[in-house]
Amino acid sequence: MSAKSQLRKIMTVGVFTAIGFGALNIGQAPLLPKASAATGYETKVTSGVNLRASASTNGRIIRLIPTGESIHVVSHVNSYWLKVSDNRGNTGYISANEKYTSHSGTNSAASASTSSSKADRVIEIAKSYMGRVHYDFGTRNPSALIFDCSSFTEFVYAKVGIDLKWGTKSQKNQGSYTSKSSLRKGDLVFFDTIGSNNKVINHVGIYSGGGQFIHNTPSKDGIAINSLTSGYWSTHYVTARRVL
């Protein structure tokens, strides 16, 4: 073999060797640990819950996460939604209601701030309709601004994204119970206005702070602010629910 042929052979072997090492390096790249591998699925679903594409009850359902499955809480969006990821690689939103998960690391300060802000907005909205709304039992007519007590609360809370049902029969069971001594702005307050107070609920208003509440009442044919600490309404108070 001539010197030129030997040189060509050496160069060819070198090129293929380089390609071989390069291919080996390329092939090994996917074996590097992924950042997601460090995710800890530390929260357990305690009751089946829908994983949604957006933080809304109208959000597309990605899947139902069954009871017992572990998930990772990415962030506490607000008092209603958690952003989570599951062990299938999905990221979405689930209800922050404590009945759905074992999650206990909620940002209570942020939640309280969000609730307080919404409560102030609810009260501001309710007050803005003073002198504009009329009362009519069994009526829910937003275009004419004619409501009864519960259709008015439904109307006001809807403006801050809270879904209340029409009727005190439903609203008295929404949210969570709170005592009269622990009332916060934005809580729903309920009354018995027929005869003596035998705790049969038939009227609802919104606690506005300072021992007062705002409501749509037939006695004024519209929006009024009254005291919970003295007078008629204090003796006809029954209970309260926290929906914010």
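1. F152 is buried, at 1% relative accessibility. Buried here means under 20% relative accessible area, exposed means over 50%, and partly exposed lies in between (1.4 Å probe, protein chains only). F147 is buried as well, at 0%. The two rings form an edge-to-face aromatic pair, 5.9 Å centre to centre with 65 degrees between the planes. Rings of Phe, Tyr and Trp (its six-membered ring) pair if their centres lie within 6.5 Å; planes under 30 degrees apart are stacked, over 60 edge-to-face, and the rest tilted.

2. A word on the basis of these values. This is a predicted model, in which local features need pLDDT of at least 70 and side-chain atom pairs count only at pLDDT 80 or more, while totals for chains, interfaces and linings use all residues. Residues are numbered from 1 along each chain as its sequence is written, and side-chain values use heavy atoms, with hydrogens and water left out.

3. Overall make-up. The protein has five helices and 15 strands. Both are DSSP runs numbered from the N terminus: helices are H or I with at least four residues, strands are E with at least two. Of the 244 residues, 38% count as buried. Among contacts with a separation of 6 or more, 52% come from residues 24 or more positions apart. Contact means heavy atoms within 4.5 Å.

4. Helix 3 deserves a look. It spans residues 149–158, and it is largely enclosed by the rest of the structure because nine of its 10 residues are buried. F152 is among them, along with C149, S150, S151, T153, E154, F155, V156 and Y157. D148 caps the N-terminal end: one of its side-chain oxygens lies 3.3 Å from the backbone nitrogen of S150.

5. T139 comes next. This residue sits in the loop between strand 7 (134–135) and strand 8 (140–141). T139 is buried, at 16% relative accessibility. Its side chain makes a polar contact of 2.4 Å with the side chain of D136. A polar contact is a pair of N or O atoms within 3.5 Å; within protein, one must be able to donate a hydrogen and the other to accept it, and residues adjacent in sequence count only if both atoms are side-chain atoms. Beyond its neighbours within four places in sequence, T139 touches I146, F147, D148, S151 and W166.

6. Which residues other than glycine have a positive phi? L145 is one, at about 55 degrees. L145 lies in the loop between strand 8 and strand 9 (146–147), and is buried at 16%. D221 also has a positive phi, near 55 degrees. D221 belongs to the loop between strand 13 (212–217) and strand 14 (222–227). At 34% relative accessibility, D221 is partly exposed.

7. Aromatic pairs number nine in the structure. Besides F147 and F152, F191 and Y237 form an edge-to-face pair, 6.1 Å centre to centre with 80 degrees between the planes. That pair links distant parts of the chain: F191 is in strand 11 (residues 188–191) and Y237 in strand 15 (residues 237–242), 46 residues apart. F191 is buried at 0%, and Y237 is buried at 9%.

8. What lies over the face of Y237? K180 does, at 4.7 Å from the ring centre. The criterion is NZ of Lys or CZ of Arg within 6 Å of the ring centre and within 35 degrees of the ring normal.

9. The largest pocket holds about 1,400 Å³ of space. It is lined by 36 residues, and the closest to its centre are S79, Y80, S95, A96 and N97. Strand 2 (49–52), strand 5 (81–86) and helix 2 (108–128) each supply at least two lining residues. On a 1 Å grid over the protein atoms alone, a pocket is an open set of points where a 1.4 Å probe fits, with protein on both sides within 12 Å along at least five of seven lines; lining residues have an atom within 4 Å of a point. Points are joined across faces, edges and corners, and the volume is the space filled by probe spheres set on them.

10. Last, S116. This residue is in helix 2 and is partly exposed, at 36% relative accessible area. S116 and R184 are 68 residues apart along the chain, with their C-alpha atoms separated by 8.6 Å.
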